[in-house]
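Colleague: I would like to learn how to read sheets and contacts in a model like this one. Could we take them in turn?

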Amino acid sequence: MPIRIGADVGGTFTDLVLEQNDGSFVSTKVLTTHAGPEQGILAGVQMLAEEAGVSLSQVEQFIHGTTLATNALIERRGARTALVTTDGFRDVIETRTESRFEQYDLNIVLPTPLIERKDRYVISERLNARGEVLVPFDEVGAQAVVDRIVAAEYEAVAVGFIHSYVNPVHERRFREMLLAAQPDLSVSISSEVSPQMREFERFNTVAANAYVQPLMASYLFRLEEELKRLGATCPLYLIHSGGGLISVETAAAFPVRLVESGPAGGAIFAADLAAKHGKERVLSYDMGGTTAKIAIIEKYTPETAKTFEVARTTRFKKGSGMPISIPVIEMIEIGAGGGSIASVDSLGQIRIGPHSAGSEPGPAAYDRGGLDPTVTDANLQLGRLDPSTFGAKDITLSPESAATAIVAGVGDALEMDAETAAIGIAEVVDENMTNAARVHAVENGKDLAGFTMIAFGGGAPLHATRLMDKLGLDELLVPPGAGVGSAIGFLRAPFAYEAVRSFYTNTDAFDHEGANRMLTELEAEASQFVREGTDAKLTVERQVSMRYKGQGWEIPVRLGGGTFDAFAADSLSTVFTKAYEEFFGRAITDLTIEAVSWSVRVASVQTKPDALATVEAASPATPLTTRPIYDPIVGGRVDAAIVERDGLPVGASIQGPAIIIESQTSTVLGSHHHAVVQHDGTLRITIEGASA
Amino acid sequence: MSREVDLQIMWNRVISILEEQAMTLVRTAFSTSVREAGDLSAGVFDRDGRMVAQAVTGTPGHVNTMAAAVGHFINDIGPERICAGDVYITNDPWKGTGHLHDITVATPVFQNDVHIGFFASTAHVVDVGGRGYGPDAREVYEEGIRIPIMKWVDRGRLNDDLVTIIKMNVRESDQVVGDIHGLAASNETGRRRLVEMLTEFDMDDIDELAEFVFERTGRATMAALESVPKGVYRNTMTVDGYNSPVTLAVELTVTDEGMHADFTGTSAISPFGVNVPITYAQAYFTYGMLVALAPELPNNFASLAPFTVSAPTGVILNAQHPDPVSVRHVMGHFVTDLCLGAIAEAIPQTVPAEGAGALWNFQASARSANPGDELPPIELLMFNSGGTGARPELDGLTATAFPSGVRTMSAEATEQVGPIIIWRKEIRENSGGAGRQRGGMGQVIEISPTDGYLFEFSAMFDRIDNAARGRAGGEDGASGKVYLDDGTPFSGMGKQTVPADRRLILELPGGGGFGDPAERDPEQIENDKTQGYVS
């Protein structure tokens with residue numbers, strides 16, 4: 001096995017993992033160096049190499065994911081960017097969907113457009129929906145816009161013309177003119193960045209790409225350079241939001257594809273664990289300090305969506321962010337983390353988040369100035385955390401401060417003591433995550449019965465067994481190394497690229513030749529990106545989004561291999577009807593079916609690990625001590641065994657109530673939960689004895 | 001565990017169940033207004049028909065109407081005929097949500113063989129027969145099929161006769177019947193989830209939960225109402241109406257018990273289908289008051305109960321059978337600004353200036369321009385919004401719907417399905433009313449038929465003769481304009497034709513300004529110029 005390094009740059013920490021020849025890992029966490037994120041990586045890489053006793057020249061692959069692009073969008077720290085659009089559509093990114101994302105707020109503030117109106121230019125040109133020219137490209141007017149852009153010294157230009165996803169000719173012509181006038185200008189065109197129908201989403205996506213492009217390109221090339229200087233001459237690859245690897249050059253040209261790469265790593269980590277344990281239907285649950293992320297993984301492959309929102313301004317609410325239409329691993333994210341603050345609203349209801357105490361000042365128990373009660377404070381009050389062995393270094397938790405904050409922030413308003421109020425906080429945050437998981441399942445047409453949950457991230461193992469009960473699941477896996485899950489996930493990602501394009505046709509007059517041509521082009525495009533990184537055998541997955549005529553929501557339908565013939569409409573109808581039934585429980589006959597957008601994902605073939613045999617309980621683990629913890633099923637305190645995870649042999653079993661502690665998190669077992677250590681150190685938790 | 005915590009968890013749970021129901025309906029619905037406007041709702045009720053919780057959707061119009069509907073179901077079906085396995089249906093404008101296009105389906109819930117409550121859901125369907133969607137009918141009989149409250153499913157058996165009757169009386173019958181099945185299925189999902197929850201918490205019924213919800217909400221609602229000084233507040237507002245101006249009038253009485261709106265003084269019933277059943281006016285009144293006073297409160301029996309209405313019969317806000325009511329939303333949407341205007345005297349730091357109010361929907365039938373060409377007719381629908389009124393501390397919202405929750409559709413997507421070219425959809429400069437806070441700007445839209453088609457359409461554009469008024473010294477927003485690109489003026493109301501070679505130009509109204517324009521922050525004035533919002 002080659003020596004490889006994965007590096008995940010997050011908002012607070014940079015996680016690094018080095019995988020050795022024998023498949024074992026060394027890992028480290030360093031603080032993210034915001035001024036130049038490569039500095040943190042370089043420091044961490046040297047630490048890892050030293051610890052593992054390898055020289056950087058032996059490293060064969062370096063895989064990187066970063067929130068840098070996301071943060072630049074959230075904090076609006078991008079390049080001075082102009083947006084050039086078709087005459088008549090200057091304000092598309094400002095008027096958005098013409099709606100309010102919050103119905104009951106007179107003082108709602110809509111997100112400001114990424115590019116201000118004064119920086120938005122228009123050109124006379126127009127295509128129709130079939131890509132035919134209605135108004136020819138105005139060369140003279142375009143040259144005048146080029147001159148203004150050069151004179152105003154923009155660093156980047158985004159170009160988005162109406163219907164360019166069908167015919168890119170005008171966008172390409174305009175890029176030529178821009179580069180002729182100023183060859184070093186960063187130019188992004190929407191027909192390349194995101195050739196999907198719907199101008200609001202596409203224009204935003206190309207604007208976001210242009211906006212972060214200079215920053216990201218310079219960062220990536222700097223990192224590559226610095227790694228070489230340290231002797232790491234191996235290729236550098238980036239993980240993209242869809243969960244695959246791309247080259248530095250592709251990432252620098254399409255940096256918007258790097259948004260959400262960290263969470264993608266987490267989903268791949270879970271998918272890999274699912275494969276290792278032979279779990280075909282998995283609910284991945286990742287909880288950190290600020291948010292919880294939940295994804296559905298079937299047959300070891302996370303689902304991807306074609307559009308998502310970044311930089312939500314209001315309580316993670318749909319519609320309050322910036323739509324980005326690129327392939328992304330589908331997940332739901334809610335404001336529920338260890339640092340999420342609990343409060344009581346005007347109805348006397350306990351509310352959790354979305355505000356987080358973060359790491360500064362942190363939960364009240366940190367005694368660093370935080371006075372608001374958080375989820376962590378409630379966990380401490382309920383005995384689920386040990387004040388002296390909390391995950392974060394140099395922090396001793398204060399139960400007194402936690403109790404005081406819980407009473408002041410929640411208890412007083414509801415006439416509850418610290419214990420009852422803490423129960424309320426814990427139950428509400430667990431209910432919120434449970435509801436999010438259920439809604440996400442419904443959104444994807446899935447029933448969670450029979451799913452296995454995989455929990456990772458610092459907070460998830462504390463809450464996972466309660467979620468498992470509330471969702472009615474019977475199996476939970478808590479992998480080792482969960483604290484650096486995303487970075488490990490990076491090392492499990494295939495080389496992969498998903499090319500997406502809108503192409504409208506329907507079953508009344510199915511354009512099979514057009515569909516064949518387009519799928520061939522998409523496959524060629526995706527393969528080209530993948531071939532930049534690997535010579536391995538490739539798999540091709542093709543998908544089309546379809547709906548009944550008259551509907552506004554499409555569902556994804558997987559296509560087999562081969563080309564369409566004149567009778568394709570019939571077979572497509574059959575496939576769609578089956579998929580629709582699975583999604584919504586019933587199909588409707590005799591209606592025309594529309595195909596809206598198409599995607600081809602090309603990926604390097606990965607050898608699936610042989611599923612590990614399930615290890616049954618062999619010998620009970622010996623607890624260090626016991627501690628009373630609150631058990632919601634029992635409805636009161638029970639004596640929990642405290643067990644140290646490090647050093648537990650394969651087959652060791654722990655019957656709840658118990659807490660299994662490790663350096664970065666703790667796994668809580670209720671009275672009816674039973675854990676057994678598996679071959680790879682994963683805890684497999686099932687329901688045993690008294691059940692919910 | 002504390003009962004308090006249990007009840008809070010259960011309250012969260014039922015709201016989540018309803019959100020799931022609403023989401024599934026949005027995704028499967030065939031009607032454009034359901035998927036783009038969230039023109040649907042879902043609620044859970046106790047056995048007496050009191051609404052315990054409702055999904056938050058894009059349609060304030062369903063707020064009270066839906067809450068009242070289940071009471072009518074209990075009454076008309078008869079409590080003794082309510083059985084497990086039943087599903088009820090109606091689209092009666094006066095017992096449902098105000099026009100025939102909304103179909104409401106209710107499903108009783110049983111736990112241990114005892115009737116404990118209902119799930120109900122409503123969605124706007126594609127067609128109900130009659131003249132098709134539009135204001136041109138003179139009686140509700142012309143507007144389509146009217147389904148009285150009856151059993152869609154009787155103890156598990158589908159009422160095939162009713163299905164056949166509906167199929168024979170509507171266009172696109174597969175889609176309509178498909179949507180009704182969808183409503184019934186979503187109630188069934190809700191019912192199952194509720195029963196699971198009751199089993200989990202070891203409960204026989206939802207009475208304890210309902211009391212908890214009503215007690216909490218009732219207390220919070222009354223607390224919110226205390227911020228309004230007791231008294232009587234009045235307002236009138238004149239809008240364009242269908243073919244003659246309509247004056248809307250309200251007298252709001254605030255007492256210790258709640259708020260009452262009386263619409264005496266409002267113009268008489270219109271001969272066209274813009275009349276409003278009073279439950280629908282009540283919905284937009286209640287929405288306006290809740291959004292201003294208690295935005296955090298959920299909709300349920302207790303939050304809605306303090307808001308009551310009355311009006312003489314024969315006014316446009318109290319339509320009676322058989323008055324036509326198909327497009328009751330146009331006048332209905334103005335009720336929010338009307339009532340906010342009245343209460344502004346009491347809470348001047350909360351209430352915005354008037355906005356464009358009613359949507360400028362472009363609903364057209366594309367027909368072959370040459371009678372010789374046999375092009376199939378195609379129906380087109382676009383939702384478009386003008387500007388909202390300036391807020392006391394913030395500018396108004398540009399090209400954004402209020403009080404409706406409608407979204408616009410992508411121009412590219414619209415052009416993919418119909419013979420239309422949308423040449424322009426852009427901010428209308430200088431249209432926001434000046435003020436310390438500027439009104440939201442309207443937009444300019446240019447559209448033309450293409451591919452050998454022309455458009456026939458029923459215009460329903462208001463605020464052409466009557467601009468949105470400013471507040472507290474703010475100026476009025478710009479009024480709307482409708483014309484062809486050759487200068488031919490168009491009426492804002494009634495059936496008209498856009499020829500094949502012409503563009504229709506719509507200039508949508510802006511919102512009113514708030515406060516003296518002289519007090520506007522110089523930086524904001526400068527920015528308005530830099531961005532080209534004001535020239």
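Colleague: In what order do the strands of the open sheet of 4 strands in chain A run, and what is the pairing?

Modeller: Keep in mind that this is a predicted model. In general, the strands of a sheet pair through backbone hydrogen bonds, in a parallel or an antiparallel sense. Here the order is E30-E31-E33-E34 in chain A, and the pairing is mixed.

Colleague: Which strands stand at the edges of that sheet?

Modeller: Strand E30 (625-631) and strand E34 (666-669) of chain A do. Each has a single partner strand, so one side of each is left without a neighbour in the sheet. On average, neighbouring strands of this sheet are turned by 30° against each other, direction ignored.

Colleague: How many bridges join E33(A) to E34(A)?

Modeller: Strand E33 (residues 658-661) of chain A is joined to E34(A) by 4 bridges, and the two run antiparallel. To place the pair by residue, find A:Ile661, which has A:Ser666 of E34(A) opposite.

Colleague: What is the strand order of the open sheet in chain B?

Modeller: That sheet has 4 strands in the order E14-E15-E19-E17, with antiparallel pairing. Its edges are E14 and strand E17 (481-484) of chain B; each has a single partner strand, so one side of each lacks a neighbour in the sheet. E14(B) and E15(B) pair over 7 bridges in the antiparallel sense, and B:Lys425 stands opposite B:Ile445 in E15(B).

Colleague: Now the contact between the chains. How many residues does each chain give?

Modeller: The size of an interface is often given as the accessible area lost when the parts come together. A residue count is the form used here: 67 residues come from chain B and 60 residues from chain A. On the chain B side, the elements that each supply at least two residues include helix H1 (3-28), helix H5 (173-200), strand E14 (420-427) and strand E15 (443-449). H1(B) gives the most, with 13 residues. By class, the chain B side divides into 25 nonpolar, 23 polar and 19 charged residues.

Colleague: Into which domains is chain A divided?

Modeller: Domain 1 (4-73 + 217-261), domain 2 (76-213) and domain 3 (496-604). The C-alpha centres of domain 1 and domain 2 of chain A lie 32 Å apart. Their contact takes 7 residues from domain 1 and 8 residues from domain 2.

Colleague: What is the make-up of the domain 1 side by class?

Modeller: The side of domain 1 of chain A that touches domain 2 has 7 nonpolar, no polar and no charged residues. Helix H2 (residues 68-75) of chain A gives the most to that side, with 3 residues.

Note on methods:
Residues numbered from 1 in each chain as written. Chains lettered and ligands numbered in written order. Predicted model: local features only at pLDDT ≥ 70, side-chain atom pairs only at ≥ 80, totals over all residues. Contact = placed C-beta atoms within 7 Å. Nonpolar A, V, L, I, M, F, W, Y, C, P; charged D, E, K, R; others polar. Domains from an automatic or database assignment. Pairing = 2+ DSSP bridges. Axes fitted to C-alpha atoms, helices over the stretch in contact; angles between N-to-C directions.
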